[in-house]
Amino acid sequence: MKKFFGKFAAVAGAIILPLLLFSCKTDKAPGTDAATTTETKKEPLVVVSDRKTDYKFVRQASASYIENKLFNEFRADIASKTGAAPDFVSDSEDATEYEILLGKTSRTLSQDAYSKLGVNRFSITAENKTIAISASDSGCMKLALEKFTELFVKDGNLIVDSSLLPITFECKDEITTVKFDNTKTDRADDPYIVEHEGSYYYCWSDGEIKVARLDSLERVTRNNGKRVFSGAGKYTDIWAPELHYIDGEWYIYVAMVKGSGGNEAHRMYCLKGTSQDPTGRFNLVGQVTDKTDKWAIDGTVFRYNNELYTVWSGWEGDTNVSQNIYIAHMSNPWTIDSERVLLSKPDYWDNYTKNPAVNEGPCVAEADGKIFVLFSGNGSWTDDYSIGYLELEGSDPLDASSWTKSKRPILQKGEKTYGPGHCSVFKAADGSLWLAYHANLKSGTGWNGRSFRMQPLEIKNGKPAIMKPQLEVDLPMSKKILVGEVK
């Protein structure tokens, strides 16, 4: 009997014990406690409430002009919606508990976000009480700041719902066109437009040198221009400044008269920017001259085979008989280290006006792998002012025989367009080359009737084509648009 009950107990134990153990199982991993594995709920981060905030904005030290403008506008928008906004602090300052990181700061959260970001994307992340807004470019950053405001500014407060983070969104460029009316533009003399990192800058002289960042090429105006150089009474007759970005620095090339001399005292000078913002202050570096030190205006620069060259309009001697186009090599952006070489003097289509005859306003265009120097011929005060070009066909820019001159102007007077000239070349949003130039709506109005114009630079058979002045153009425009969230 004992044997029977012993066997029964053993069998029952073998059956019942596993059932009991099974009934006690949980979904937790062996050795863990249910209470310790419950996920901690992310509490909302109260950034601005009751018009108060403990937070600070930390923006990347290397932020571009556009990015800083976006950050300033973002802060102003937060302030208008909540009654308060975090103050800006330097990226170099020690980290604090409450921070919103704008762009690629030195903070670990920023660095981690950018290591995962990729192109055409932005992300919003949070860790403890720090928030990072990161974007691959300024266009995506604009969308990132808008999305942040949309998600987290409610009822006059800025409260970040941490449970939504991290989030990443994809952006893309969209090219559209808008109509631009060349007959309804502002006054302009020797307009210089340059594109840099997706923004356009307009440089001109009205006795002082001004630079304007254009929010859009739809409206080219001098109204928001900032003075970057005045001459301070030491330099006068400031003509035709050009803005160039060379080896990570901003430079302006400009013709000026030192002291109280007349036109015959015009020489070329180089100014250097004091920051990455070309609407900021520029300082005089010095005169740009070859050893002849003759009259010189309308200087420009270009690179060819990694060498720097300058091209300008100058006199052969000391009297105003003929303005010619010259070229020289440069050892740096303000120093000529070669003889000047004559490239062009007025001889046919560019010689309608005499005493003086005129070749001036050179600018450089690169198209189909070739270098072209566009320039203006005939008197700038006449209806016959027009644009032609020199083509570099040889391998040495300092060899005059390497250049060929156009047999006709590529742009001359036409309907409501008199004296078109002194152009600059820039890239539109779709990558196409465009001309900015001045012209007159009415015949015979000379220097007093100039207004801004622009149109595509047409290239046919590898050369600038003969064009008619366009009174209305389809201007390519680009903007970032949101594609959607990246899961």
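Q: What covers the buried residues of helix H3?
A: Contact here means heavy atoms within 4.5 Å. In this predicted model, the cover over the buried residues of H3 includes strand E4 (99-102), strand E5 (121-127), strand E6 (130-135) and helix H4 (138-152). Helices (H or I, at least four residues) and strands (E, at least two) are DSSP runs, numbered from the N terminus. Residues are numbered from 1 along each chain as its sequence is written, and local features need pLDDT of at least 70, while side-chain atom pairs count only at pLDDT 80 or more and totals for chains, interfaces and linings use all residues. Side-chain values use heavy atoms, with hydrogens and water left out.

Q: Which residues of H3 are buried, and which are exposed on the face turned away?
A: Buried means under 20% relative accessible area, exposed over 50%, and partly exposed in between (1.4 Å probe, protein chains only). An α-helix has 3.6 residues a turn, so residues three or four places apart point the same way. In H3 (residues 108-115), Leu109, Ser110, Ala113 and Tyr114 are buried. Seen down the axis of H3, these residues fall within an arc of 130°, so they line one face of the helix; the arc is that of the directions from the helix axis to the C-beta atoms. Thr108 and Ser115 are exposed on the face turned away from the buried side.

Q: Which residues touch the most other members of the largest nonpolar core?
A: A nonpolar core is a set of buried Ala, Val, Leu, Ile, Met, Phe, Trp, Tyr and Cys residues joined through side-chain atoms within 4.5 Å. The largest one has 36 residues, of which Ile100, Ile131, Ile133, Met141 and Phe148 touch the most other members. Two or more residues each come from strand E1 (45-48), helix H2 (65-82), E4, E5, E6, H4, strand E8 (157-160) and strand E9 (167-181). H4 gives the most, with seven residues.

Q: Which residues does Ile133 touch?
A: Leaving out residues up to four places away in sequence, Ile133 touches Phe74, Ile100, Leu101, Leu102, Gly103, Ser123, Met141, Ala144, Leu145 and Phe148. A second, separate core has 19 residues, among them Ala188, Ala212, Trp434 and Phe452.

Q: What is the strand order in the open sheet of three strands?
A: Two strands pair if DSSP finds at least two bridges between them. The order is E27-E28-E29, and the pairing is antiparallel. Strand E27 (418-427) and strand E29 (450-456) each have a single partner strand and stand at the edges, so one side of each is left without a neighbour in the sheet. From one strand to the next, the twist averages 25°; axes are lines fitted to C-alpha atoms, for helices over the stretch in contact, and angles run from 0 to 180 degrees between N-to-C directions. E27 and strand E28 (residues 433-440) are joined by six bridges, and Ser424 stands opposite Ala436 in E28.

Q: Where are Pro166 and Pro356 found?
A: Pro166 lies in the loop between E8 and E9, and a cis peptide bond with omega of about 0° joins Leu165 to Pro166. Pro356 is in the loop between strand E22 (341-344) and strand E23 (357-367); the cis bond from Asn355 to Pro356 has an omega of about 5°.

Q: What is the phi of Ala232?
A: Ala232 is not a glycine, yet its phi is positive, about 50°. Ala232 sits in the loop between strand E13 (226-229) and strand E14 (235-246) and is exposed, with a relative accessible area of 62%.
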